[in-house]
Amino acid sequence: YRLEDEYGVKLVDTNYDDYVDVPVKNPLALKSIKISKTVFNSDFLISVAKLKIHSLAKVTGTLKNMMGVCPKKQKMRIHAFIQKSIIDLNTVKLPDFGVIDGIVANEIDECGPYPVKMGVVLASKDCVALDSVASKIMGINPKDVFHIWYAGKRGLGMADVDKIEIIGERIEN
């Protein structure tokens with residue numbers, strides 16, 4: 001736990017954390033969500049995801065990655081209505097910053113080893129914008145990914161790729 005010693009941060013495995021049951025304002029699928037107490041009470045939350053396709057959610061990004069802060073039983077409930085549940089979860093606790101590792105991405109689905117060398121790392125303080133750009137990089141229109149598009153409509157971030165300032169390499173490249 002060198003990070004803890006060197007930087008004075010506390011590392012928590014959210015699979016073994018205490019959970020809080022948080023009501024969802026204007027829920028789409030879940031009236032309340034249990035999430036890690038440590039995550040819910042955090043001052044600054046960073047979601048670090050892998051760039052990959054998902055069979056139910058279409059893409060995995062920083063928004064879907066938040067499912068990792070829920071207990072196993074909650075994750076099963078989320079999968080039943082995954083697109084809407086991802087919105088509910090991020091309405092309760094939206095990451096302050098997101099990073100997507102696309103050095104080697106995964107295509108086809110989340111379960112199989114279908115690696116694709118992409119050579120990109122994406123980051124943003126707007127996780128909706130980040131997931132939109134990640135989708136576009138994978139050749140998926142973010143408007144076709146309900147949880148990204150609707151997160152933008154709900155005011156959680158910018159979903160319209162044409163309105164996102166991209167610094168660095170162009171999406172087309």
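Is Y150 buried or partly exposed? Y150 is partly exposed, with a relative accessible area of 25%; buried means under 20%, exposed over 50%, and partly exposed in between, for a 1.4 Å probe and protein chains only. The model is predicted: local features need pLDDT of at least 70, side-chain atom pairs count only at pLDDT 80 or more, and totals for chains, interfaces and linings use all residues. Residues are numbered from 1 along each chain as its sequence is written, and side-chain values use heavy atoms, without hydrogens and water.

The whole structure holds 3 aromatic pairs. Rings of Phe, Tyr and Trp (its six-membered ring) pair if their centres lie within 6.5 Å; planes under 30 degrees apart are stacked, over 60 edge-to-face, and the rest tilted. F146 and Y150 are stacked, at 5.2 Å centre to centre and 15 degrees between the planes. Both lie in helix α7, 4 residues apart, about one turn of the helix. Helices (H or I, at least four residues) and strands (E, at least two) are DSSP runs, numbered from the N terminus. The rings of W149 and Y150 have centres 6.1 Å apart and planes at 50 degrees, so this pair is tilted. Ring pairs link F146, W149 and Y150 into a cluster.

The largest nonpolar core has 36 residues. Such a core is a set of buried Ala, Val, Leu, Ile, Met, Phe, Trp, Tyr and Cys residues joined through side-chain atoms within 4.5 Å. Among the residues with the most contacts inside this core are I33, C70 and L89. Helix α5 gives the most to the core, with 5 residues. A second, separate core of 5 residues includes V133 and I171.
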